[in-house]
Amino acid sequence: MEYAARIRQKLSAGLSPEHMEIVDESDRHAGHAGADAKGETHFHVTVVSAAFVGKSRVERQRMVYTLLADELSERVHALGLTTRTPAEAAL
C-alpha cells in the first residue's frame, strides 16, 4: 500500500476526522535530506477532528505521530501538520 493511503487509513481509524487532506510535497524537496526520487517522503496533512477538542497543539501532533509511527520510521521523512477541531475549522 502506498504511504499516502496508509496515512489516510490510520488517521481515519484513529481520529474519525470530519475533514482530512494529505498532500505529497516530496517533489518540492528533491535534493534535500530524506528525499527519494520515488516520492512519498514529505507530506503535509490537514486533519479536522473532534478528537482534538481540549488538546494543545503539541498534544494533537503527538496523537498523529503515534498513529503514524511506522510510516515515520520507514519512508516518511517530514510531516507538516495542521490539526484543528471542528469549531476551529468553522472560523
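This is a predicted model: local features need pLDDT of at least 70, side-chain atom pairs count only at pLDDT 80 or more; totals for chains, interfaces and linings use all residues.
Ser26 counts as buried, because its relative accessibility is 7% and the limit for a buried residue is under 20%. Val76 stands 50 residues from Ser26 along the chain, and the C-alpha atoms of these two residues are separated by 9.6 Å.

## Overall organisation

The protein contains 4 helices and 3 strands. Read from the N terminus on, these elements follow the order α-β-β-α-α-β-α. Of the 91 residues in the protein, 35% are buried.

Contacts across the sequence can also be described by how far apart the partners are. Among the contacts in the protein with a separation of 6 or more, 65% are between residues 24 or more positions apart.

Side chains of opposite charge can pair when their charged atoms come close. In this protein, the count of salt bridges comes to 5. One of them joins Arg6 to Glu71, with the closest N and O atoms 2.9 Å apart. Arg6 belongs to helix α1 (residues 3-15) and Glu71 to helix α3 (residues 69-74), so that this pair links distant parts of the chain, 65 residues apart. Both partners, Arg6 and Glu71, are buried.

Arg6 also forms a salt bridge with Glu74, and here the closest N and O atoms are 3.0 Å apart. Because Glu74 lies in helix α3 and Arg6 in helix α1, the pair ties together parts that are 68 residues apart in sequence. Are the two partners, Glu74 and Arg6, buried or partly exposed? Glu74 is partly exposed, with a relative accessible area of 45%, whereas Arg6 is buried, with a relative accessible area of 18%.

## A further pair and the network

Lys10 and Asp70 also meet through their side chains in a salt bridge, with an N to O distance of 3.5 Å. This pair, too, links distant parts of the chain: Lys10 is in helix α1 and Asp70 in helix α3, 60 residues apart. Lys10 counts as partly exposed at 24% relative accessibility, and Asp70 is partly exposed with a relative accessible area of 42%.

Which residues are linked in a network of salt bridges? The network is made up of Arg6, Lys10, Asp70, Glu71 and Glu74. Within it, Arg6 pairs with Glu71 and with Glu74, while Lys10 pairs with Asp70.

## The packing of helix α1 and helix α2

Two packed helices are described by the angle between their axes and the distance between the axes. For helix α1 and helix α2 (residues 57-67), the axes come within 9 Å and cross at roughly 125°. The crossing of α1 and α2 is right-handed.

Which residues make the contact between these helices? On the side of α1 they are Lys10, Leu11, Gly14 and Leu15, and on the side of α2 they are Met63, Val64 and Leu67. Sorted by class, this contact has 5 nonpolar, 1 polar and 1 charged residues.

Methods: Residues are numbered from 1 along each chain as its sequence is written. Side-chain values use heavy atoms; hydrogens and water are left out. A salt bridge is a side-chain nitrogen of Lys or Arg within 4 Å of a carboxyl oxygen of Asp or Glu. Helices (H or I, at least four residues) and strands (E, at least two) are DSSP runs, numbered from the N terminus. Buried means under 20% relative accessible area, exposed over 50%, partly exposed in between (1.4 Å probe, protein chains only). Axes are lines fitted to C-alpha atoms, for helices over the stretch in contact, and angles run from 0 to 180 degrees between N-to-C directions. A crossing is left-handed if the near helix is turned anticlockwise from the far one by less than a right angle, and right-handed if clockwise. Contact means heavy atoms within 4.5 Å. Ala, Val, Leu, Ile, Met, Phe, Trp, Tyr, Cys and Pro count as nonpolar, Asp, Glu, Lys and Arg as charged, and the others, Gly among them, as polar.
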